[in-house]
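Hello,

Here is the structure I promised to hand over. Please open it first, then read my notes below.

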Amino acid sequence: CNGLSANSTIETCNGCNCFDDGWMDQHRRDHPDQPMLFTENWGWFQPWGQALGIRTPQDLSYSAGEWFAGGGAYLSYYMWHGGNHYGRT
């Protein structure tokens, strides 16, 4: 994700907004034959030792709308709240 990968791996985007940060444009240039997959739209994400960043529902939904309007094919919602599926399997 967002870096080097094996030849048969589909590149995916993980982050808070894969449209605004230019990921989609780069993906189109580097991998024109691959779908655009947004696997982690971080709702709240806390790298070790950093402050907790919480996004508003409006910001999350806006980034999802931008993603699909920009040609995105898939968006995973599991990172919007908690980043796991505990209690859902």
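This is a predicted model: local features need pLDDT of at least 70, side-chain atom pairs count only at pLDDT 80 or more; totals for chains, interfaces and linings use all residues.

In H2, five names to look for are Leu60, Ser63, Ala64, Glu66 and Trp67, which are buried. Seen down the helix axis, the buried residues of H2 fall within an arc of 160°, so they line one face. The general rule is that an α-helix has 3.6 residues a turn, so residues three or four places apart point the same way. Pro57, Gln58, Tyr62 and Ala69 are on the other side of H2, and they are exposed.

What does the buried side of H2 pack against? Its buried residues pack against helix H1 (23-30), strand E2 (37-41) and strand E5 (74-75).

Next, a polar link. Asn41 is found in strand E2. Asn41 is buried, at a relative accessible area of 0%. Its side chain makes a polar contact of 3.1 Å with the side chain of Ser63.

Now the rings. The structure holds two aromatic pairs. In one, the rings of Trp23 and Trp67 have centres 5.8 Å apart and planes at 40°, so the pair is tilted. Trp23 is in helix H1 and Trp67 in helix H2, 44 residues apart. Trp23 is buried, at 10% relative accessible area. Trp67 is buried too, at 0%. In the other pair, the rings of Phe38 and Trp67 have centres 5.0 Å apart and planes at 55°, so this pair is also tilted. Phe38 lies in strand E2, so the pair ties together parts 29 residues apart in sequence. Trp23, Phe38 and Trp67 form one aromatic cluster.

Best wishes

How values were computed
Residues are numbered from 1 along each chain as its sequence is written. Side-chain values use heavy atoms; hydrogens and water are left out. Buried means under 20% relative accessible area, exposed over 50%, partly exposed in between (1.4 Å probe, protein chains only). Helices (H or I, at least four residues) and strands (E, at least two) are DSSP runs, numbered from the N terminus. The arc is that of the directions from the helix axis to the C-beta atoms. Contact means heavy atoms within 4.5 Å. A polar contact is a pair of N or O atoms within 3.5 Å; within protein, one must be able to donate a hydrogen and the other to accept it, and residues adjacent in sequence count only if both atoms are side-chain atoms. Rings of Phe, Tyr and Trp (its six-membered ring) pair if their centres lie within 6.5 Å; planes under 30 degrees apart count as stacked, over 60 as edge-to-face and the rest as tilted.
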